[in-house]
Amino acid sequence: MDRFFIERFLAEHAEDVRGHVLDFGDDAYARRFGRAKVTKVDVLNLTADSPQATIVANLSYGEQIASDTFDCILCTQVLLLVYELRPAIRTLYRILKPGGVLLLTSPGIQKISRGDMEVGGEYWRFTSLCMRRLFEEVFPSESVEVKASGNVLAATAFLFGLAVEDIRRKDLEYDDPDFEVSIALRAVKPCL
Amino acid sequence: MKPVAPSSARRWMKDRRLSLERWGLRLGIWAGPGLLRRITPINPNDYGEGRGQCIDRYYIERFLTEHANDVKGHVLEFADDTYARRFGGDKTSKIDVLHRTADNPKATIVADLACAKNVPSDTFDCIVCTQVLHCIFEVEAAVRTLFRALKPGGVVLVTDAGIQKLDSVDLKNREEYWRFTSLALRRLFEEVFPAELVEVKAYGNALAAVAFLHGLAVQDLKQEHLDYSDADFEVSLSLRAVKPNGPSAR
């Protein structure tokens, strides 16, 4: 269900997915939304157990990742798993090239994922306001765009574990500001 | 436009409608496919207080009932003193009410918990901190203030929202930041309080979560459905932490 919102957001910003791209877990979104615009994809994973991982690192202590490296970072459904948020956001900023774009999503209303909770832990559901403030501490505020999507139906369906196909598409497209099911953020590192 | 029906008749119709809705819910008429066609909440106006007791209040008050023995001596509460009076009763010797802005006549301390120089240290036997922390961006600093304000041996009783819609009023005032998981709440407090003195408990299940999102009330659900606990659906979180006696305090 959250994939509907995530993929809609990435499709809207597919132009940003180009050059040297960093994805998390696997490279599916980098390939799908970047296509021929992508010159190189790195995949970051917290542990070494992802076969596609080219970088094994904890985002909050990512000193081994070179600075000014990526034209685009696709950070979907990751930040909720990171306890030390501010160092992680500083790492995201540091490893972007000047002019590089961060595309990030995180859930607002979502049940606990048992798998994630038992591996590295699941910590946060952000409001769009929180997301904005967290990133404005590091990125220039005029380069940060935040959008929340969802409504009570999307939240309900998501909590009950239904699929996008169970819900009419136009019902998912209605946004109710009280129900932030999925939060999306785009931020740009300024050119020097 | 002037209402056609007299007020008594309107009240009767409203009560009637509410009770019909409740029977509909009990019988599962709405809980079935109907719920999956509504893109607006059954009750969009509030968290259920217009229909009965809010679902989160049910969990909050259950937690405070379990720990009513801790509410004693000099107690600090937020916004008003309702819970300190209700759960502390004769056990309280003094109650302070903290509010962020000076426009609350019940406030005896006006302070922002995150940069709270005017909150006294080592003062309170108990702090009742319900539904406060999710409105504080600098939540780590707020937790440090709670620790500092407690007397050695003092207890903080915290509750906060897990799965909950945003409050339109808070949204306009730009106040809501977080929905914590029980793990986040535990880690936030274990950074300041000794881990063995922090207890965290989550309440709720899928039905309670969805009913709460729709603005339904406790009276709309069966008690056994509210009391069933599913660890994947943290509707309401509670935490009890004790400031240690003596110099071991961090």
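The legends below describe close-up views of a predicted model. Residues are numbered from 1 along each chain as written, with chains lettered from A in the order written. Local features need pLDDT of at least 70 and side-chain atom pairs pLDDT 80 or more, while totals for chains, interfaces and linings use all residues.

**View 1. The contact between chains A and B.** Chain B gives 31 residues and chain A gives 32 residues; contact means C-beta atoms, placed from the backbone, within 7 Å. On the chain B side, H7(B) gives the most, with four residues. Helices (H or I, at least four residues) and strands (E, at least two) are DSSP runs numbered from the N terminus.

**View 2. Strands paired across the two chains.** Strand E6 (residues 124-126) of chain A and E6(B) run antiparallel, joined by three bridges. Pairing requires at least two DSSP bridges between the strands. Trp124(A) lies opposite Phe180(B).

**View 3. The open sheet of chain A.** Seven strands are ordered E3-E2-E1-E4-E5-E8-E7, with mixed pairing. Strand E3 (55-56) and strand E7 (144-149) of chain A are at the edges with a single partner strand each, so one side of each has no neighbour in the sheet. E7(A) is joined by six bridges to strand E8 (residues 182-188) of chain A, and the two run antiparallel. Within this pair, Ile183(A) is the bridge partner of Ala148(A).

**View 4. Surroundings of Ile127(B).** Not counting residues up to four places away in sequence, Ile127(B) touches Leu76(B), Leu146(B), Ala149(B), Leu150(B) and Val156(B).

Key: Two residues are in contact if their C-beta atoms, placed from the backbone, lie within 7 Å.
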